[in-house]
Amino acid sequence: FQALNLQGRLKFLHGQNKRSEDGSALPPQLALFAISTPLQPPSILQIRTKNMIFRTKHKLDFTPLACDAKGKIVLGYTEAELQVCGTGYQFVHAADMLYCAENHVRMMKTGESGLTVFRLLTKENRWKWVQANARLVYKNGKPEYIIVTQRPLVDEEGGEHLRKRSMHLPFTFATGEALLYKSAYPLPGFPDPFQSKGKASKSKKTFHSHRGCSQKNGVDPSSLLGAVMQQDKAAY
């Protein structure tokens, strides 16, 4: 939230020519005319991130279809690189996947996800915090695709949102302790990518990235676990 100073006055809005249900003319309505200014001038970083708002287009399961020019600058990918196997969750930080999936379900029910703050993997293998709002686009009364408007955030803003989120969820999902699993987890032949802290060094040696569209070890690449398996361990 931005703290603002508002200064103005109430004035009558003339010329609206609005009428009541019986056809009689309604009197002019009062409206607030005001000038609002930030209490603190925006930083250079804030100005820069506001100028880098970008949009992406997705299938209903969130598979990327297109990205505008600013998005290609922020994330570093070409459209062909974004259109890889999976639902697009392979570009989302494992600690944010369940949170994003919850808002994804909300959007499918209501048409809009609401503001969602999470981390996206850039081509440089770094995590970029974004504030996004996804909405359904309909054709002939049926949902056709998803348009997501995203604003890059500085790390401090993202960290603050993560702290607020952890107050509402039963787990923080912040350090990889939450398991994204199937009923037969752990899977045969696949090492646990989220070992306990005591086994962290062993985990780093055994966790390998898996790319491609085939179901390896019986894992659906469009599942959240499949998305994690497609990610490069170096990103974490």
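Analyst: A residue is called buried when its relative accessible area is under 20%, exposed when it is over 50%, and partly exposed in between (1.4 Å probe, protein chains only). By that rule tyrosine 89 is buried, with a relative accessible area of 7%. Two remarks on reading the values come next. The model is predicted, so local features need pLDDT of at least 70 and side-chain atom pairs count only at pLDDT 80 or more, while totals for chains, interfaces and linings use all residues. Numbering starts from 1 along each chain as its sequence is written, and side-chain values use heavy atoms, without hydrogens and water.

Tyrosine 89 has an aromatic partner, phenylalanine 62. Rings of Phe, Tyr and Trp (its six-membered ring) pair if their centres lie within 6.5 Å; planes under 30 degrees apart are stacked, over 60 edge-to-face, and the rest tilted. This rule gives three aromatic pairs. In one of them, the ring centres of phenylalanine 62 and tyrosine 89 are 6.1 Å apart and the planes meet at 45°, so the pair is tilted. Phenylalanine 62 sits in the loop between strand S3 (54-58) and strand S4 (64-67), and tyrosine 89 in the loop between helix H3 (79-82) and H4, so the pair ties together parts that are 27 residues apart in sequence. Helices (H or I, at least four residues) and strands (E, at least two) are DSSP runs, numbered from the N terminus. Is phenylalanine 62 buried or exposed? Phenylalanine 62 counts as buried, because its relative accessibility is 17%.

Now the hairpin around phenylalanine 62. Five residues separate strands S3 and S4 there, and phenylalanine 62 takes a positive phi near 85°. Strands pair if DSSP finds at least two bridges between them. S3 and S4 are antiparallel and share three bridges. Lysine 57 has alanine 66 of S4 as its bridge partner. S3 also has a neighbour in strand S7 (residues 142-152): five bridges join them, and they run antiparallel. Opposite phenylalanine 54 stands glutamine 150 in S7.

Which residues of S3 are on the covered face? They are Phe54, Thr56 and His58, whereas Arg55 and Lys57 make up the uncovered face.

The loop between S6 and S7 holds asparagine 140. Asparagine 140 is not a glycine, yet its phi is positive, near 55°. Its relative accessibility is 77%, so asparagine 140 counts as exposed. Asparagine 125 lies in the loop between S5 and S6. Asparagine 125 is not a glycine either, and its phi is positive at about 65°. Asparagine 125 is partly exposed, with a relative accessible area of 26%.

Inside S6 itself is asparagine 133. Contact means heavy atoms within 4.5 Å. Apart from neighbours within four places in sequence, asparagine 133 is in contact with residues including Glu112, Gly114, Ile147 and Val148. A polar contact is a pair of N or O atoms within 3.5 Å; within protein, one must be able to donate a hydrogen and the other to accept it, and residues adjacent in sequence count only if both atoms are side-chain atoms. The side chain of asparagine 133 makes such a contact with the side chain of glutamate 112, at 2.6 Å. The asparagine 133 side chain also reaches the backbone nitrogen of glycine 114, at 3.1 Å.

Threonine 116 belongs to strand S5. With 5% relative accessibility, threonine 116 counts as buried. Leaving out residues up to four places away in sequence, threonine 116 touches Tyr99, Cys100, Asn103, Val130, Gln131 and Ala132.

The buried residues of helix H5 are Gly158, Gly159, Leu162 and Arg165.
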